Amino acid sequence: MDRYICIHGHFYQPPRETPWLEEIELQDSAAPYHDWNERITAECYAPNASSRILDDANRIVKIENNYARISFNFGPTLLSWLERKSPEAYAAILEADALSRERFSGHGSAIAQAYNHVIMPLASKRDKETQVLWGIRDFERRFGRRPEGMWLPETAVDLESLDILAEHGILFTILAPHQAKSVRLIGESVWNDVSGARVDPSMPYRVPLESGRSIAVFFYDGPISRGVAFERLLYKGEYLADRLVGAFSATRKRPQLVHIATDGETYGHHHPRGDMALAYALDYIERNELATLTNYGEFLAKAPPTHEAQIHEQTAWSCPHGVARWRADCGCNSGAPAGWNQQWRAPLRNALDWLRDEVAPRFESEGRVLFGHPWRARNHYIDVVLDPGDESVDRFLRTIGHRELDQAQRVRALELLELQRNAMLMYTSCGWFFNDVSGIETQQILRYAGRVLQLAKRCFGVDLEPDFLTRLARATSNLPDSGTGRDVYERFVRPATIEFAGVAAHHAIASLFESFPTRSRLYCYDVEREDVEIFEAGSAKVSAGKLRIRSRVTQEVQRVMFGVLYLGDVKLTGGSRPIDGDEAYQTLRSALADPELRNDFAAVVRLLDRTFESLPFSIRSLFRDEQRSILALIWDAALAEAEAAFRTLHDRYVPLVKLHSDLSVPLPKVLYAAAEADLNLRLRRALERDELSLALVAGLLAQAESEHVTLDHASLAYTFKKTLDRVVASFAAAPRDVSTLETLQATVALARSLPFEIELGKAQNVYYGMLGRAGERNGASIEEHERWVELFRSLGAMLSMQQRLVDSALDLAATPSGS
């Protein structure tokens, strides 16, 4: 069969880590999830690793790893997050590439991506090269092989970028059809104009480059790709399959490829259950032998280019104005309100370009002393980014260093390279993509710029921030309250900037509420408590301590002392400073050991003020996640009191509430608020218990229905899913334990009875994985095995498994009735 289909998914999220902590802090807009990476993983990345194919009765007949049957790339920074935070999804992605090599003649479906999604035509040549090298090295470390292809962010392209890809062994890339300028048969001299997306997308093209190198380019099918991304092609899997198969032409007497490319998040995040439509379409095509599934590497090997192509440079798939979306007010936005503009884009880019060009020669000068070849050192620094341990740093410095470095020089070397890493991260494309300079994506790239400014001041002794902010002030927000880019920086970036004293402040305040071991990790810092003493003063607490703090990123070490006074609720004050000798700390500690002084709060404040010169500590000094946790602790007593009051009020007037409901008379707001708060709180507590009471939950649900109380479905579903996942994990650890299976069955039964949808994916995955060995007795008695089989079959029905599938796995295939 000479008809081939390839579906490419570009899976990507912008890096969201705070550059001072190297972790994503709580993002309320992603609730009930911790952050947007976690939410999109639950909606897209994990489901595509185990996507359901259903029969006509909506029963599961198969669970497929979509990644193994499509072409895909994942942003390296996203893969780094998945590796740490969602290891199951991460492992499934790596496994999919291995499976695809078996399926597609040794060609893996994963391709690389330029590292952190910069718009390549707008980048300096040095940055382009580092982006490509980092993308390749990241890919090699994860997938254990060289990448054949590389995704250009936003498919933004110029010939220089293509030449760098080819120079480093990349065989192909993927572009939009409107990026093709002209084509010709290899060996012919006349070019045929195909501008306006008139290129034939069914074959690869060779793009000749001035260096004498060349690279293959696949121009994807634009109309079908748009149909998947923005229309209703994912409403049913058959729609997608039929549209793909319908693109073949009987007039082509050669191998032809129908292929599409979209954001991977289309399959589940943008279009709920889009992963299932994709899985069904792929299965439908294969089952009915409508075409052969392939990936780009395999097809390129089977059908090498017969034609050459020229491209339109400075173009991208998501902007009809070239690459203006990332540098000008071109009119492209993501649903901006009427009257808004994006005139802020140009001054934002100009400010970042100025900063990049200010630090580059200084980096060269300092780096030449430490590395000999500073830009070569930056290219190799990806090995430390991927493995930031001390041994990795030692290997890296031996590889690129031209002399032995002492500890201070090691720190300076790592600071210089971190400056350059952040100087690339600040160009992440999402900072310009959306509607306003005050958006969270732009705030994020300004945080990276803030880290560059901080390190420039430390490494070069120059304060570039005032001039940077002057340029940033030219970027005017559409929101009057947001002001300019300068205001956004001062409101969101400067408060997030952290020095070692800030790490000490967090640890000092958190120590008042929880216990810490002598050595602990706080994000990307190691904290050693050399001495910490907490003194009681009635209901107040006074704490003093000295810490040894080490950055895991730059290996810098500082000793810091702190003192803090906590007066209850959110009333606290204190300060911290580097230790240049133990005398000041011993004086502070000795003074606070005096009970008479401790009970004189004004005297304590004066002592702290003399010691630290300023007292900046407050609850705001805590990092965001810990801030929420400690605020919850502070409010525990008050909330318990409020909950008791709501419950008392609600219970007292239940007959009256029911009467109002029966008569369809609206409740007074205060009574309705009490009923709503009480029932939601009681339900949440009932659903998060390890030992679930079905009767209790059913009673609360019935009461909520009878009283017409609105339940917080999203929060309750999220709470119960965590409980269910714990039960599933217990079953996975001891799948032959009858009592564990009984607990899982009861929990799933409860999930199916709730008036809101519970995601059963993890339970279904574990169950499906058990089918291959479900009929084994494993030493169980006949009675135990029969009970286990009975429960297992019943659970399969609850989990929407096709009965024939379960019976086959249990070697109990159904027989005609009466036989």
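This is a predicted model: local features need pLDDT of at least 70, side-chain atom pairs count only at pLDDT 80 or more; totals for chains, interfaces and linings use all residues.
**Confidence**

The chain has an average pLDDT of 93, and 97% of the residues score at least 70. Residues 813-819 stay under 50 in pLDDT, and for this stretch the model has two contacts beyond four places in sequence.

**The five-stranded sheet**

Strands E15, E16, E17, E18 and E19 form an open sheet in that order, with antiparallel pairing. Strand E15 (519-522) and strand E19 (572-578) are the edge strands, and each of them pairs on one side only. From one strand to the next, the twist averages 30 degrees. In general, strands of a sheet pair through backbone hydrogen bonds, either parallel or antiparallel.

E15 is joined to strand E16 (residues 525-537) by four bridges in the antiparallel sense, and Ser520 stands opposite Val527 in E16. The hairpin of E15 and E16 has two residues between the strands, and in this hairpin Tyr523 takes a positive phi near 55 degrees.

E16 also runs antiparallel to E17, to which it is joined by twelve bridges. Here Phe535 stands opposite Val542 in E17. The hairpin of E16 and E17 likewise has two residues between the strands, with Gly538 at a positive phi near 65 degrees.

Helix H20 (residues 583-592) lies across E16, strand E17 (540-551), strand E18 (557-566) and E19. The helix runs at about 155 degrees to E17.

**The six-stranded sheet**

A further open sheet has six strands in the order E7-E11-E10-E14-E8-E9, and its pairing is mixed. Strand E7 (172-175) and strand E9 (192-193) stand at the edges; each has a single partner strand, so one side of each is left without a neighbour in the sheet.

Within this sheet, strand E8 (residues 180-185) pairs with strand E14 (residues 307-311) in the antiparallel sense over five bridges. One of the bridge pairs places Val183 with its partner Ala309 in E14. Helix H5 (residues 159-167) packs on the sheet and touches E7, strand E10 (205-208), strand E11 (214-219) and E14. The direction of H5 makes about 115 degrees with that of E11.

**Two helix pairs**

The axes of helix H17 (residues 465-472) and helix H18 (residues 485-493) cross at roughly 130 degrees and come within 7 Å. This angle makes H17 oblique to H18. On the H17 side of the contact are Glu465, Phe468, Leu469, Thr470 and Leu472, which meet Gly485, Arg486, Tyr489 and Glu490 in H18. These residues divide into four nonpolar, two polar and three charged.

Helix H25 (residues 669-687) and helix H27 (residues 713-733) have axes that come within 9 Å and cross at roughly 15 degrees. H25 is therefore roughly parallel to H27. The crossing of these two helices, H25 and H27, is right-handed. Asn680, Leu683, Arg684 and Leu687 in H25 meet Ser715, Leu716, Thr719, Phe720 and Thr723 in H27. The residues of this contact comprise four nonpolar, four polar and one charged.

The table sets out the axis values for the two pairs.

| Helix pair | Axes come within | Crossing angle |
|---|---|---|
| H17 and H18 | within 7 Å | roughly 130 degrees |
| H25 and H27 | within 9 Å | roughly 15 degrees |

Notes
Residues are numbered from 1 along each chain as its sequence is written. Side-chain values use heavy atoms; hydrogens and water are left out. Axes are lines fitted to C-alpha atoms, for helices over the stretch in contact, and angles run from 0 to 180 degrees between N-to-C directions. Angles under 35 degrees count as roughly parallel, over 145 as roughly antiparallel, 65 to 115 as roughly perpendicular and the rest as oblique. Contact means heavy atoms within 4.5 Å. Ala, Val, Leu, Ile, Met, Phe, Trp, Tyr, Cys and Pro count as nonpolar, Asp, Glu, Lys and Arg as charged, and the others, Gly among them, as polar. Two strands pair if DSSP finds at least two bridges between them. A crossing is left-handed if the near helix is turned anticlockwise from the far one by less than a right angle, and right-handed if clockwise. pLDDT is the predictor's confidence in each residue, from 0 to 100.
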